[in-house]
Amino acid sequence: MMNVGILGGGNISETHARAAVEAEGFRVAAVCGPNREKVERLCGLYGGRAYDDVAAFLGHRPMDVVLVGSPSGLHAEQGVEAARRGLHVLVEKPLDVTVERADELVEECERAGVKLGVFFQDRAAADLRRLKKLLDEGRLGRPVLVSGRVRWYRPPEYYGGSRWRGTWGLDGGGALMNQGIHTVDLLLWLLGDVRRVYARAATALHRIEAEDTVVAALEFEGGALGTLEAATSAYPGYPRRVELTGTEGSVLIEGDRVVAADLRAPLEEPFGPSEDERNAGETSPVVSNVAGHRAILEDFARAIRSGGRPLCDGREGRRSVALVRAVYESARAGLPVELKS
């Protein structure tokens, strides 16, 4: 049995707790957050001891893994503290909001000899894992054109009711860093690194510090050209959509499902999920389907037991932070930005 500590106490912490109790071989040992009432409610539902002090929480035993679901700008700070206590660290996306802090967390976990992972559940989705294999086998040919569109909507109270969402300090940005980063990670995982970005961003609808609407042109190291859109200003909100075109065909993704795969050489087994199999609640601020989080958690446990790498470890997780920061730098400067290799 692996003992899990839940750090954060908000909506995503409930997702983490649900994933832990649904996964095989886990129990919730402790929950920590600044709102005692919320923390005690989570403990009542999922078990564990309630804490409102991070240091006391990290001293709780038995505890093997800390699931960090606090505001994004605290991820590295709290993850470092956990690693120094000998605890494995699994962080809600993003790894943190700057590359420097992400690197600090990666290095501290490596120094402490503990595992570090990030909840990028696209990497556990069956369709997307199969697509990754097809791409690695060259079935799509040389990637040519890419499009990632995250046209979601958040009502005013989503930001107005939070002290950290949409802020540069704790959210690290707006629609791209918080909502669009899953798609950023997906594109990097499937297609490799981006060489250059040119972006424009706006705060079009919400009264927040950061952007709620951003578009970027991407040049991939492999030669593909792409576009990326992320918004929380697109009423009423639509499922995430990714299109990949290579020299041997095209693939269309909606949510985490491949809905079309038109290749010159037909697939032996076509993609084709039914409508009711699609991931529910994707455009909601609360994750209603925890299957992806559970899969990432179970994979993380396998990595701990085997000494292997999680589906998305810290060094993989910092790539999306670096690309998002480059997009923001380009949008501020009004110029293309080269990414460091």
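I noted that the model is a predicted one, in which local features need pLDDT of at least 70 and side-chain atom pairs count only at pLDDT 80 or more, while totals for chains, interfaces and linings use all residues. Residues are numbered from 1 along each chain as its sequence is written, and side-chain values use heavy atoms, with hydrogens and water left out.

**The hairpins**

I followed the chain from β11 into β12 and found a hairpin that joins them through two residues, with G246 standing opposite G249 in β12. I then looked at β12 and β13, which run antiparallel and are joined by six bridges, and where R257 in β13 is the bridge partner of E254. These two strands also form a hairpin with two residues between them, and in that turn I noted G255, whose phi is positive at about 65°.

**Helix α6**

Next I looked up which residues of α6 (residues 126-136) are buried, and listed D127, L128, L131, K132, L134 and L135; I took buried as under 20% relative accessible area, exposed as over 50% and partly exposed as in between, with a 1.4 Å probe and protein chains only. Seen down the helix axis, the buried residues of α6 fall within an arc of 160°, so they line one face of the helix; the arc is that of the directions from the helix axis to the C-beta atoms. On the face turned away from this buried side I found the exposed residues A126, K133 and D136.

What covers the buried residues of α6? I found that the cover includes α8 (175-191), along with the strands β11 (241-246), β12 (249-254) and β13 (257-263), where contact means heavy atoms within 4.5 Å. After α6 comes G138, which has a positive phi near 85°.

**The cavity**

I searched the whole structure and found one cavity of 30 Å³ or more, a cavity being a set of points on a 1 Å grid over the protein atoms alone where a 1.4 Å probe fits but cannot get out, and lining residues having an atom within 4 Å of a point. The largest cavity has a volume of about 30 Å³, a volume being the space filled by probe spheres set on the points, which are joined across faces, edges and corners. Its lining is made of L131, L134, L135, R139, L140, V251 and L263, and α6 gives the most to the lining, with three residues.

**The second largest pocket**

I also looked at the second largest pocket, whose volume is about 550 Å³; a pocket is an open set with protein on both sides within 12 Å along at least five of seven lines. Of its 21 lining residues, V99, R318, A322, L339 and K340 lie nearest the centre. The elements that give two or more residues to this lining are α5 (99-112), α10 (314-333) and β14 (337-338), and the largest share, nine residues, comes from α10.

**Cis peptide bonds**

Last, I noted a cis peptide bond joining R61 and P62, with omega about 5°, and another joining Y235 and P236, with omega about 0°.

Terms used:
Helix = DSSP H or I, 4+ residues; strand = E, 2+ residues; numbered from the N terminus. Pairing = 2+ DSSP bridges.
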